[in-house]
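This report covers one protein chain.

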Amino acid sequence: MPAFCAYGDGGCLVSAPAELSGLFCRGAVQQQQQRKRALVAASAVAAAAAAECVRAAKKRRQQQLPSLDALPDECLFEILRRVPGGRGRGASACVSRRWLALLSSIRASELAQAVAAAAASTPALPDLNEEFVMEEEDKDGETPADPCVERVLEGKEATDVRLAAMGVVAGSRGGLEKLAVRGSHPTRGVTDQGLSAVARGSPNLSSLALWDVPLITDAGLAEVAAGCPSLERLDISRCPLITDKGLIAVAQGCPNLVSLTIEACSGVANEGLRAIGSFCKKLQAVNIKNCVHVGDQGISSLVCSATASLAKIRLQGLTITDASLAVIGYYGKAVTDLTLARLATVGERGFWVMANAAGLQNLRCMSVTSCPGVTDLALSSIAKFCPSLKQLYLRKCGHVSDAGLTAFTESAKVFENLQLEECNRVTLVGILSFLRNCSQKFRALSLVKCTGIKDICSAPAQLPLCRSLRFLTIKDCPGFTDASLAVVGMICPQLEQVDLSGLGEVTDNGLLPLIQSSKAGLIKVDLSGCKNITDVAVSSLVKAHGKSLKKVSLEGCSKITDASLFIIAENCSELAELDLSNCMVSDYGVAILSSASHLKLRVLSLSGCSKVTQKSVPFLGNLGQSLEGLNLQFCNMIGNHNIASLEKKLWWCDILA
């Protein structure tokens, strides 16, 4: 069949020989390819031209649209200062960091002036959005949100941006009243800029705590002093860049300061404390710890100036001498609570002079830790010249002995509470002498880690009888055994709370006389670590005092079994807290507890009880609505899936697993 090719010659179809058809076809194909390349090139040029037109049009439109970001900071500041309502300022702060920084630099007083000016020039219009939201909350039965009065930032959350946003939002609602910054972000930590933002928006700030914030300087503290005249409590810990200059600014700007705490601030010395004492006439509590440059001049100036109001003094790890204690003893007429710790350069003379100055007439509570100057003579003087003293806590005072306790009790007429920890020269003979002569108001005795408290070969001919003692703690005294415990039961018949934790040598033979001699009814009993106590002692305890017991701890008593739980379930009607950690109780004991309908436990601990398995889960779920805390740590036989089902059933209970 002859080949045909189309020509544009009059629109006729011309026949071609077979040998020429291939030539005509190749020529046509080449022409078509050239035509396609031309069309592609033309289309690419057209597309590029169109894109350029679009970009030019967008650029023209952008140039035509107005933008607030083109304004200088001064103009934008004036605009943002006039934004009405807290919702509007909060939304504006989310636009950019520049807007947030400008909003955070506006003081609350400037906002108030702008609002007042706007109200005077234009009639006030209601914010319909806010009213609608409030109406919706009321319909749901929820009260409107309270103002942001208290905030705590910790660790990585503590940044300048977060503080600035907090200052803007809270500033629209009257500002923060309490702020605590604990730690700081490692790379974007809190600086003076963030603290200044809060200070500008919170003129009613009354409490500020700065812990481990190394970038805060005197400038930030000065902003707080200028913007927060109502500040009452200031707590600064481990802020090395804060110096006396910052404290002086606070003293001058915050005359209502009531409480001051400074810990481990190497830049703080004497001048700052002197200014605080001079300007802050309402100061009631001072806590100065581990400040290497604070000496006698700073402490003395502070105490002398604040003599009329200063009630609580705590000094720890300072290089002060006897002179500071002499000033406290003479000028501390309002002091009721005195704590002295690790004052290595204060001697016996300092404590003696402090007491003999006769200024501590209102002292009620005194605590001394690791002070070599506390001796028997100093203790006797304190009891003699501090007639209102009711509580004394001595820790690591190695020079105090039985003679000092005897002299102390002869002069302390209203004394109520004695706590001794690691005072190893005090013996049981001294304690018995103290109890023989103590006042009728003496109610609490605590002996912790006193190696001198041990059994005596022969008891005194006449044992004292202390009917006023209600609270007894003998803890971690390895020499205290059954014989001594039996004596305690004889001389203290009105005990209500007993803590014998850590007495590994005590057995049923020592505990039974104490239980039987108690007449008032024991309320709280702690036998943690008494590994030789058995079900016999627990049975005697519960049968004698089951109607009054509210808390029993048997942690680590490895000889306690389900028999004790049976007695507890049968006799205890007021028991609220029960600790059976590392005991030999089993699923059967848990079932017994759950079956006691009159038992309303709030806290139950079964930590480390290897015999408690998944079979206990249904019984634990039936302990009732009163259960608030359940400790199942190290109960490996229960299983995670059973814990999950228990958490679902006891959704109101705090379960540790």
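## Overall make-up

The chain has 24 helices and 22 strands. Both are DSSP runs numbered from the N terminus: helices are H or I with at least four residues, strands are E with at least two. The model is predicted: local features need pLDDT of at least 70, side-chain atom pairs count only at pLDDT 80 or more, and totals for chains, interfaces and linings use all residues. Residues are numbered from 1 along each chain as its sequence is written, and side-chain values use heavy atoms, with hydrogens and water left out.

Of the 657 residues, 47% are buried. Buried means under 20% relative accessible area, exposed over 50%, and partly exposed in between (1.4 Å probe, protein chains only). The accessible surface is about 31900 Å², and carbon and sulfur atoms supply 55% of that. Areas come from the Shrake-Rupley method with a 1.4 Å probe; for residues, only the protein chains shown count as cover. Take the contacts (heavy atoms within 4.5 Å) between residues at least 6 apart in sequence: 81% join residues at least 24 apart.

## Helices α9 and α10

Helix α9 (residues 218-227) packs on helix α10 (residues 244-253) at about 0°, with axes 8 Å apart. The two are therefore roughly parallel, a label for angles under 35 degrees. Axes are lines fitted to C-alpha atoms over the stretch in contact, and angles run from 0 to 180 degrees between N-to-C directions. From α9, the contact uses Asp-218, Leu-221, Ala-222 and Ala-225. From α10, it uses Lys-245, Gly-246, Leu-247, Ala-249, Val-250 and Gly-253.

Seven of the 10 residues of α9 are buried, so the helix is largely enclosed by the rest of the structure. Among them are Leu-221, Glu-223 and Val-224. The buried residues of α9 pack against α8 (192-201), β5 (207-211), β6 (233-237) and α10.

## Helices α18 and α19

Helix α18 (residues 482-491) meets helix α19 (residues 508-517) at about 5°, and their axes lie 7 Å apart. This pair is therefore also roughly parallel. Contact residues include Leu-485 and Met-490 of α18, and Leu-511 and Pro-513 of α19.

## Ser-586

Ser-586 sits in the loop between β19 (577-579) and α22 (587-595). Ser-586 is buried, with a relative accessible area of 15%. Its side chain makes a polar contact of 2.4 Å with that of Asp-562. Such a contact is a pair of N or O atoms within 3.5 Å; within protein, one must be able to donate a hydrogen and the other to accept it, and residues adjacent in sequence count only if both atoms are side-chain atoms. Not counting residues up to four places away in sequence, Ser-586 touches Asp-562, Lys-611 and Val-612.

Technical notes:
Parallel < 35°, antiparallel > 145°, perpendicular 65-115°, else oblique.
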